[in-house]
Amino acid sequence: MPAPANAGGTEVRWTVPSTLTEASQIVPVVQAFALPSKIEKQLVSSLTAAQRSYDAGRATSGNRSMSSFIDKVKELRGTTIPMPSADGLTADAQAVIAAHS
């Protein structure tokens, strides 16, 4: 998993391409942001749903949940989540989808 350059701060930067394969690996990255509780819960909920689907062998359902996560991150890009950080989260989510496609 790419290491956040400033975990716990307002901006997290990724320094290497994502090699993630599981949605659950993104949860601590989301939690490293100081996001409002409601937003963090929504993002983590999408990731948790995706991981449950993957664990149950339902890749299509998992990929749909990951796509929902990506949509939410894109909505927050440049406002609640800094653009580089949102782009990193999107890349991570796309890597997870690719691993399960």
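The legends below describe several close-up views of a predicted model.

**View 1. Overall layout of the four helices.** The protein holds 4 helices and 0 strands, where helices (H or I, at least four residues) and strands (E, at least two) are DSSP runs numbered from the N terminus, and read along the sequence the pattern is α-α-α-α. Of its 101 residues, 42% count as buried, a term that means under 20% relative accessible area, with exposed meaning over 50% and partly exposed lying in between (1.4 Å probe, protein chains only). Contact is taken as heavy atoms within 4.5 Å, and among the contacts with a separation of 6 or more, 58% are accounted for by residues 24 or more positions apart. Residues are numbered from 1 along each chain as its sequence is written, and side-chain values use heavy atoms, with hydrogens and water left out. Because this is a predicted model, local features need pLDDT of at least 70 and side-chain atom pairs count only at pLDDT 80 or more, whereas totals for chains, interfaces and linings use all residues.

**View 2. Helix H2 and what covers it.** Helix H2 comprises 19 residues (residues 37–55), which should span 27 Å at 1.5 Å a residue, and its end C-alpha atoms are 26 Å apart, in agreement with that value; the expected span is 1.5 Å times one less than the number of residues. Buried residues in H2 include Ile39, Leu43, Val44, Leu47 and Tyr54, and what covers the buried residues of this helix includes helix H1 (27–32), helix H3 (59–76) and helix H4 (83–99). Just after H2, Gly57 takes a positive phi of about 80°.

**View 3. The packing of H3 against H4.** The axes of H3 and H4 come within 10 Å and cross at roughly 170°, the axes being lines fitted to C-alpha atoms, for helices over the stretch in contact, with angles running from 0 to 180 degrees between N-to-C directions. The two helices are therefore roughly antiparallel to each other, a description that applies to angles over 145 degrees, while those under 35 count as roughly parallel, 65 to 115 as roughly perpendicular and the rest as oblique. Residues making the contact include Met66, Phe69, Ile70 and Val73 of H3 together with Leu89, Thr90, Ala93 and Ile97 of H4.

**View 4. Thr90 within helix H4.** H4 has 17 residues and reaches 24 Å from its first C-alpha to its last, close to the 24 Å expected at 1.5 Å a residue. Thr90 is found in this helix and, at 10% relative accessibility, counts as buried. Leaving aside neighbours within four places in sequence, Thr90 is in contact with Ile70, Val73 and Lys74. Thr90 and Phe69 are 21 residues apart in sequence and 8.3 Å apart in space, C-alpha to C-alpha.

**View 5. Phe69 and the largest nonpolar core.** A nonpolar core is a set of buried Ala, Val, Leu, Ile, Met, Phe, Trp, Tyr and Cys residues joined through side-chain atoms within 4.5 Å. Of the 25 residues in the largest one, Ile26, Val30, Leu43, Met66, Phe69 and Leu89 touch the most other members. H1, H2, H3 and H4 each supply at least two residues of this core, and the largest share, 6 residues, comes from H2. Leaving aside neighbours within four places in sequence, Phe69 is in contact with Ile26, Val30, Leu43, Ser46, Leu47, Leu89 and Ala93.
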